[in-house]
Amino acid sequence: MKNWSSSFSSMAVSKLFLLLFFLSAVLSESKIVAEVKQKQSKDEPFVGVNIGTDVSNLLSPEELVAFLKLQNIGHVRLYDADPDILKALSRTKIRVIVSVPNNQLLAVGSSNSTAATWIGRNVVAYYPETLITAIAVGDEVLTTVPSSAPLLLPAIEALYSALVAANLHTQIKVSTPHAAAIVLDPFPPSQAFFNQTLNPIIVPLLQFLSKTGSPLMMNLYPYYVFMQNKGVVPLDNSLFKPLTPSKEMVDPNTLLHYTSVLDAMIDSVYFSMKNLNVTDVLILVTESGWPSKGDSKEPYATIDNADTYNSNLIKHVLDRSGTPLHPELTSSVYIYELFNEDLRYPPVSEANWGLFHGNSTPVYLLHVSGSGAFLANDTTNQTYCVAMDGVDTRTLQAALDWACGPGRANCSEIQPGEGCYQPNNVKDHASYAFDSYYQKEGRGSGSCDFKGVAMITTTDPSHGSCIFPGSKKISNKTKEASNSTIESSSDAEKLRLITVVHYSFLL
């Protein structure tokens with residue numbers, strides 16, 4: 001009886017210890033949630049876009065600003081602090097992150113006066129007319145230009161001191177975007193940790209972010225995770241598609257179920273910060289996206305996958321879905337990127353991350369119904385009429401003749417020397433004529449048939465300099481908005497509203 005009593009007492013103490021440990025963990029986690037949630041509660045999560053300018057035939061400055069407004073894009077990130085861009089964004093409601101390029105780190109990081117001059121020239125000169133919300137100092141410095149790493153924190157602190165002197169430090173945050181490669185052993189997320197060789201920089205950086213209420217900026221790409229771990233990471237998991245329970249990724253330490261790679265990546269960063277005793281810094285995803293075209297080694301860079309990823313990403317953020325670790329916290333995300341930067345190569349995918357071509361026509365049309373007015377070119381609202389595959393030339397020619405004749409379609413663009421004359425074949429010419437008739441008829445029922453040789457598609461058939469009639473409707477709206485902006489300006493200042501706006505996830 002004594003032995004049983006002693007054993008029972010020992011068991012009771014053990015259970016009590018486990019209970020106290022569990023309660024401590026819960027309270028600790030609750031504290032983390034409360035601290036981070038308090039910071040996020042000030043702002044709703046949003047989706048923004050990155051704007052790169054390595055684009056041939058970019059929209060005119062007036063059209064570009066109007067285009068951002070037309071698409072209800074309220075947050076943009078620039079890769080520099082171009083004065084014309086900042087002037088263009090003046091007196092709009094568009095919030096902007098400006099950047100210190102990597103090649104300017106040496107000057108800014110080694111001289112307080114240079115940092116102060118940079119703030120005066122690129123921030124104070126425009127704020128608050130231009131709504132600058134943050135400064136991104138460098139881009140993926142620790143992994144792409146490690147020789148500049150010692151300059152990173154001095155540059156950040158010097159810029160912050162200049163903001164303090166200008167009394168703008170509470171309105172404008174300072175941080176630096178990192179590649180996901182700074183996190184090692186990212187799955188399961190609970191085992192993730194920062195590359196310890198970077199700790200001499202990361203630790204004081206996190207302390208600075210905590211002290212100033214600034215976010216940790218991360219560039220996170222599930223596309224690269226999938227490509228580097230094919231056969232291990234499911235494609236559906238990478239694209240936010242629903243998974244059967246057997247295909248969900250489960251963290252064995254927390255038993256949290258991960259149905260999307262992006263959520264796992266975000267949580268791996270939160271756990272990495274927690275391992276360094278930092279629990280009050282929010283994550284801002286400064287880049288994420290999926291390429292719509294690639295070379296032979298990139299078979300998953302397709303329009304369908306890019307459409308699926310970005311459409312689901314937008315819904316995920318605007319639905320405030322959070323992550324398994326922090327379901328009540330949703331990171332804001334900047335999609336990479338607004339335009340295809342066709343001057344960037346190789347590989348092929350480098351030039352094909354954009355939501356739109358440089359002329360503002362969609363690369364694909366997002367499925368974002370129910371997610372508000374953001375990115376107004378929803379697939380469900382924009383359709384085209386094109387010739388079907390496999391139809392014999394004689395039948396297509398007869399349909400083409402009818403469309404351009406009795407049907408009164410506008411076929412001027414498929415005449416010799418015009419924008420849509422090439423490629424010079426019946427199928428391409430018929431597609432243009434069919435779409436012209438279809439759009440003229442208001443996309444009405446039966447207006448895309450042509451005796452069974454035409455079909456409706458949600459994929460924009462425009463190519464190169466050939467813009468199909470359905471795409472011109474979007475372009476015309478942009479021009480109308482641009483003209484309206486100019487006509488409503490009552491003084492010269494308003495007329496100055498012009499211009500533009502890797503990771504190894506080893507399982």
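In the predicted model, helix H5 crosses helix H7 in a right-handed sense. The two helices, spanning residues 112–124 and 149–165 respectively, pack at an angle of about 60 degrees, and their axes lie 8 Å apart. Because angles of 65 to 115 degrees count as roughly perpendicular and those under 35 degrees as roughly parallel, H5 and H7 are therefore classed as oblique to each other. On the H5 side, the contact is formed by Asn112, Ala115, Ala116, Trp118, Ile119 and Val123; H7 contributes Ala158, Leu159, Ala162 and Leu163. In terms of residue class, this contact of H5 with H7 comprises nine nonpolar residues and one polar residue, with no charged residues.

H7 also packs against helix H8, which covers residues 199–212. The axes of H7 and H8 come within 10 Å and cross at roughly 15 degrees, so that H7 is roughly parallel to H8. The crossing of this pair is left-handed. Ala149, Pro150, Leu153, Ile156, Glu157 and Tyr160 of H7 make the contact with Ile201, Pro204, Leu205, Phe208 and Thr212 of H8. The contact of H7 with H8 contains nine nonpolar residues, one polar residue and one charged residue.

A further helix pair is formed by H13 (residues 393–404) and H14 (residues 426–440), whose axes come within 9 Å and cross at roughly 35 degrees. The passage of H13 across H14 is left-handed. From H13, the residues involved are Thr393, Leu396, Gln397, Ala399, Leu400, Trp402, Ala403 and Cys404. These meet Val426, Lys427, His429, Ala430, Ala433, Phe434 and Tyr437 of H14. Eleven nonpolar, three polar and one charged residues make up the contact of H13 with H14.

By class, the lining of the second largest cavity comprises six nonpolar residues, five polar residues and one charged residue.

Conventions
Residues numbered from 1 in each chain as written. Predicted model: local features only at pLDDT ≥ 70, side-chain atom pairs only at ≥ 80, totals over all residues. Heavy atoms only, no water. Axes fitted to C-alpha atoms, helices over the stretch in contact; angles between N-to-C directions. Helix = DSSP H or I, 4+ residues; strand = E, 2+ residues; numbered from the N terminus. Parallel < 35°, antiparallel > 145°, perpendicular 65-115°, else oblique. Left-handed = near helix turned anticlockwise from the far one by under 90°. Contact = heavy atoms within 4.5 Å. Nonpolar A, V, L, I, M, F, W, Y, C, P; charged D, E, K, R; others polar.
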